[in-house]
Structure formats: structure tokens, C-alpha cells
Amino acid sequence: MTMSDAQVESAGPLAGKRIMVTRARSQVRELVEKIEGLGGEAYAFPLLKMVAPEDKRHLDEAIAQLGKFDWLIFTSVNGVRFFLERMNEIGVGIEAIKGQVAAVGPKTAAVLNNEGLEVAVIPSDYVAEGLLTSLHDRLSPGQRVLLPRADIARKALPQELAALGLEVTEVDVYHTVIDGKQAPEAARRLRDKEIDGILFTSSSTVTHFVQAMAPFAGTGWLDQVQIACIGPITAETARKNGLTVHVTATEYTVEGLLEALIDNLGGIDNGTNI
């Protein structure tokens with residue numbers, strides 16, 4: 001039985017749609033709730049697990065020298081969380097941060113603000129390249145920059161900062177590892193055409209998805225599924241891994257991703273008219 005246009009409209013723009021969410025286990029709830037709030041059915045397939053590095057020597061050394069850095073740049077909410085947790089564990093307070101703070105994206109900035117840190121720079125494009133553009137006129141050769149990041153973070157930002165004459169210190173504050181326990185069930189849902197769309201919120205979710213699903217992938221197994229990526233970098237990673245990208249958000253946030261998916265819903269057809 002199909003839903004009428006009026007029924008779907010009243011139920012929400014994602015009514016009748018079954019969306020797979022491939023975020024980290026610690027982050028998946030936010031996106032699931034947003035999908036359900038828009039009338040859709042969310043299937044959580046958490047592929048990533050964030051863990052603290054076993055060897056914290058470099059991180060601890062950087063924290064001990066916080067007062068010497070001119071800039072502290074965070075590129076993710078997880079980077080903030082793990083960095084501040086480690087500061088707390090070794091007894092270093094927020095007041096040790098003397099330099100200016102920059103954040104890639106409003107969510108990362110909001111977490112910093114909640115911890116009492118003022119964010120000097122938030123780029124309009126929530127990627128490393130956008131941050132470089134926003135920071136460019138405020139940077140001076142010789143300044144020291146601390147980048148607390150994931151072990152798999154892209155190298156574009158530190159390389160460009162170094163090219164501008166800055167002294168860049170990268171420290172791993174968390175490691176991203178695959179969490180593929182649900183892969184057999186996820187593969188069955190895809191094979192049985194129970195999924196209409198897959199949301200990828202980072203390049204790492206794409207590569208871990210491909211790795212986890214490799215034993216189950218078959219010819220045409222994703223033909224009925226729309227793949228939506230949070231931005232062009234994630235989309236490019238998907239294409240390099242052989243996936244067809246149908247939706248790329250122009251605002252690189254969860255809200256922008258869902259908005260782009262809704263705008264493109266004409267490409268999903270499971271008997272529901274929107």
C-alpha cells in the first residue's frame with residue numbers, strides 16, 4: 001500500500017524512507033533522532049569507534065607546553081572531547097590555553113564555548129580549506145600551532161600551515177577503529193532492499209563501510225540505494241571506492257546533509273510519492 005501525497009506531507013519529508021546512518025557509535029543517536037523527526041526510519045550502522053591512543057607521550061608533552069602555542073586548532077567535536085578529557089586526566093586546566101582557538105564548524109565551536117573557551121575563527125566552509133582561508137590574514141610566519149586530531153586526519157591543513165611559515169605540532173588525541181559487528185545484518189537489509197539511502201558523514205565512514213561490507217558485496221547490491229555525502233571530500237572518497245554518489249551537501253553539516261537528501265528524494269522510489 002502506498003501513502004498519499006497528503007499523508008506523506010503530514011508525516012514529514014522523509015516519511016516512508018529508510019535511511020542507513022554510518023557514523024561513530026558515540027555520534028549516531030543525533031542523526032537517528034533527526035531522521036525520525038523528519039518522518040523517516042533510521043537504521044543505525046555505527047562503523048567507527050573512537051578510542052584514546054595507547055601511547056599518550058606526545059599528547060601529554062603538547063599539553064604541558066600549551067602556553068607556548070599561538071593557535072590551537074580543532075577540526076572535530078571528537079578532537080575537542082578527547083583533548084579536554086586528557087587535560088583533565090593529567091590535571092591541566094583550561095586556563096593553560098594562552099593562544100587563540102579556531103574550530104572547523106559550528107558544532108566544534110559550540111563544544112569549545114561550553115567549556116569556557118572563546119573561538120576566534122570559524123570558517124564559512126566547514127573543511128580544512130575553508131579554515132585556511134579564514135585564518136590566512138591572521139597568521140604570521142613563526143607562530144606555533146597545535147593541531148589535536150585523529151590518527152587518520154587529512155594532511156592538507158598541517159601542510160598548508162607549514163607552507164605559510166608556521167611551526168605546526170600535530171598530536172593524535174584519538175584513534176578511529178572499525179566497528180563492523182553489524183555488517184552481516186546491514187548487508188542483509190541492503191540485499192533485501194530494505195534501505196533507501198545511506199548517509200556518510202566523513203571519508204572514514206566511507207572507507208570503513210567498504211571494508212566492512214567487502215565480504216557481502218555483490219553485483220548491483222546498491223542499485224536501489226541513494227548515497228548521500230556530507231561534503232565534496234567525502235563524496236570523492238566514495239567515488240574512489242567505487243560508490244555512486246547521488247547527493248552531496250553544500251553546507252557541510254548534518255542538517256545540510258539531510259536537507260540535500262530531502263531535496264533529492266525524487267531519486268528514491270519505493271512506492272512512496274513525495
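**Exercises on rings, strands and a cavity**

Phe-82 and Tyr-174 are both buried, where buried means under 20% relative accessible area, exposed over 50% and partly exposed in between, with a 1.4 Å probe and protein chains only. The model is predicted, so local features need pLDDT of at least 70 and side-chain atom pairs pLDDT 80 or more, while totals for chains, interfaces and linings use all residues. Residues are numbered from 1 along each chain as its sequence is written, and side-chain values use heavy atoms, without hydrogens and water.

**Exercise 1.** Classify the aromatic pairs Phe-82 with Tyr-174 and Phe-200 with Phe-209.

Solution. 
- Rings of Phe, Tyr and Trp (its six-membered ring) pair if their centres lie within 6.5 Å; planes under 30 degrees apart are stacked, over 60 edge-to-face, and the rest tilted.
- The whole structure holds five aromatic pairs.
- Between Phe-82 and Tyr-174 the centres are 5.3 Å apart and the planes make 25°, which is stacked.
- This pair links distant parts of the chain: Phe-82 is in helix α4 (residues 77–89) and Tyr-174 in strand β8 (residues 167–178), 92 residues apart. Helices (H or I, at least four residues) and strands (E, at least two) are DSSP runs, numbered from the N terminus.
- For Phe-200 and Phe-209 the values are 5.3 Å and 70°, an edge-to-face pair. Both Phe-200 and Phe-209 are buried.
- Phe-45, Phe-200, Phe-209 and Trp-221 are linked by ring pairs into a cluster.

**Exercise 2.** Give the strand order of the five-stranded open sheet and find its edges.

Solution. 
- Two strands pair if DSSP finds at least two bridges between them.
- The order is β2-β1-β9-β10-β11, with parallel pairing.
- β2 (41–44) and β11 (247–248) each have a single partner strand, so one side of each is left without a neighbour in the sheet.
- Inside the sheet, β1 (residues 18–21) and β9 (residues 197–200) pair over three bridges. Met-20 has Ile-198 in β9 as its bridge partner.

**Exercise 3.** Sort the residues lining the largest cavity by type.

Solution. 
- The lining consists of Leu-66, Phe-69, Trp-71, Leu-72, Ile-97, Lys-98 and Gly-99.
- Ala, Val, Leu, Ile, Met, Phe, Trp, Tyr, Cys and Pro count as nonpolar, Asp, Glu, Lys and Arg as charged, and the others, Gly among them, as polar.

Conventions. 1 Å grid on protein atoms, 1.4 Å probe; cavity = no way out; pocket = protein on both sides within 12 Å on 5 of 7 lines; lining within 4 Å.
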